[in-house]
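Please read the following briefing alongside the sequence and the structure.

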Amino acid sequence: MPRETRPGRGARRQKALISENRICHETIIRFVEPDSIQSVNAPDHLHFSESHEWVDATAPEAASVGISDHAQEELTDVVYLELPTVGRVVSKGEAFAVIESVKAANDIYSPVSGEIVEVNSDLAESPEAINEDPYGVGWMVKIKLSDPAELDALMTGTSYREHLS
Amino acid sequence: MEKSPLHSLHLSLGARLAPFAGWEMPIQYKGIVSEHEAVRKSVGVFDISHMGEFEVSGAGAGEWLNRLLTNDNRALADGQGHYTLLLNEEGGVIDDLLLYRFQADRYFLVVNASRIAEDFAWMSRHLPAEGVTLRDRSGEFGAVAVQGPMTLSLWTELAPGLVLPERNGIVGYDACGEVILCRTGYTGEDGFELFAPVEKIGHWFDQLVASGAIPCGLGARDTLRLEKGFPLNGSDLDERHTPLEAGLGFFVKLDKEEGFIGCEALRAQRKEGLSQKLAAIRLKEKAPPLRHGYTVLESDGKTALGELTSGSLSPGLGVGIGMAYLPVDHAAVGTELKISIREKLYSAEVVKKPFL
């Protein structure tokens, strides 16, 4: 969304100055406020990796994996997602998907080890869901964990927020 | 790494900065797609302070430039400009640039950031003993490009006293110090480029943003120019390819009697016929965006033909587009191709420029 700007008074004043071709004033009028520091959205029931993936291990049969709100914000405009095939076994830290913005392609690394039992095939048609709802409809794969203890090495939402700040 | 005079403004606007041609420049603010759309539908403003500016003056300026550049500047009246190219002896592209004529004895050149040093060295080497003065004024100017269909209404509201020149024209004003307006751009939309002293450019950028121009980064600049099939120096143009191969023959006047550096090589190339051409390529199926460096193959997927020199997702078309030098027998519009992306082959075809 375009930032709100207030062209009214300042623009008129500038116009007057230029049209009269006087020496222009040196003060830079700042209508545009810098972004307020937004608090990072990182729910505490998720586990986070340093490479910005999340794991939701609350369901007993398989853990969901996606990328964090911070990661989608950094990428902006997700336009393509290449997901692995169901049945592939991945190790923690292994690149298992490629996510593409308009500008660049980036690998996504598995935060846990295990077998991929489901992929979110809806994302092929609507990759922008990753931007819109990274912790919900933007989930990418479900992994049957081969070593649940790996979760302990990941960050909680709170520690991930601290890690980013 | 050089910093733009607008550096702190970019940071305050939340820009993501990245190195480009030795400069730390904004790649995007809110996102490439929204910035791209702003330029296609309303108006955006880009920092182009990295671009280089030369001034050539003196009684022999026009004649000298005409022996150096491919276009014919005798076609220019005062206040007019055109796209032209600087070539080496072999006809390879040193740089592509805009040449403007202020007066018969004073010209303004806008060159690519990555080529400022090469251009200046090359031109200095060919400078005559007298009658022509060449100045690199790049350090004096900051610059912004205002682009989009709402350009004229925004500018008329903001600075009614500073009338924009006609298309491809140039005009200089004394307002807040020197300000030069050139009615050109790199997006295919109406717009102009504004050159002002480095200490004043922040003022202009601020006023443009306050008037409603959306700050746009070099990411959107790249997708905008690619959709129009405009080449990027260093990617689509280089010293190993001629402007004829790049499809820029319109800007090369081979019939100039006095010739220009690289002219003989191009005449020979035209006579013999081209062996390769810069083709516009569009994906025919759902696939990842095209990227610089991806291999282009024959439709059977077996024989490699070349590499993409540019590539992206076209925000306007919603499909991957790119350009590549291909053998002429594979460069005709409608030719079926394959593009290799992470070891998978995707169907593509040669299309007409511009893409959009």
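Chain B is divided into domain 1 (2–51 + 139–227), domain 2 (53–113) and domain 3 (276–351), with bounds that come from an automatic or database domain assignment. This is a predicted model, in which local features need pLDDT of at least 70 and side-chain atom pairs count only at pLDDT 80 or more, while totals for chains, interfaces and linings use all residues. Residues are numbered from 1 along each chain as its sequence is written, and chains are lettered from A and ligands numbered from 1 in the order in which they are written.

**Domains of chain B**
- Taken over C-alpha atoms, the centres of domain 2 of chain B and domain 3 of chain B are separated by 34 Å.

**A hairpin in chain B**
- Strand β11 (residues 170–174) of chain B runs antiparallel to strand β12 (residues 178–182) of chain B, and five bridges join the two; strands pair if DSSP finds at least two bridges between them, and helices (H or I, at least four residues) and strands (E, at least two) are DSSP runs, numbered from the N terminus.
- β11(B) and β12(B) form a hairpin with three residues between them, and Cys176(B) in the turn has a positive phi of about 55 degrees.
- Within this pairing, Val171(B) stands opposite Leu181(B) in β12(B).

**A barrel in chain B**
- Six strands of chain B form a closed barrel in the order β15-β18-β17-β16-β19-β20, with antiparallel pairing.
- The twist averages 40 degrees from one strand to the next, where axes are lines fitted to C-alpha atoms, for helices over the stretch in contact, and angles run from 0 to 180 degrees between N-to-C directions.
- Three bridges join strand β16 (residues 295–298) of chain B to the antiparallel strand β17 (residues 304–314) of chain B, and Leu297(B) stands opposite Ala304(B) in β17(B).
- Helix α7 (residues 218–227) of chain B packs on the sheet and touches β17 and β18 (319–327) of chain B, its direction making about 120 degrees with that of β17(B); residues are in contact if their C-beta atoms, placed from the backbone, lie within 7 Å.

**Glu115 in chain A**
- Glu115(A) lies in strand β8 (residues 114–119) of chain A.
- Glu115(A) is partly exposed because 15 other C-beta atoms lie within 10 Å, a residue being buried with 20 or more, exposed with 12 or fewer, and partly exposed in between.
- Not counting residues up to four places away in sequence, Glu115(A) touches Gly87(A), Val89(A), Ile143(A) and Lys144(A).

**Confidence in chain A**
- Chain A averages a pLDDT of 82, and 76% of the residues score at least 70; pLDDT is the predictor's confidence in each residue, from 0 to 100.
- Over residues 1–37 of chain A the pLDDT is below 50, and this stretch has 50 contacts in the model beyond near neighbours in sequence.

Notes. Two residues are in contact if their C-beta atoms, placed from the backbone, lie within 7 Å.
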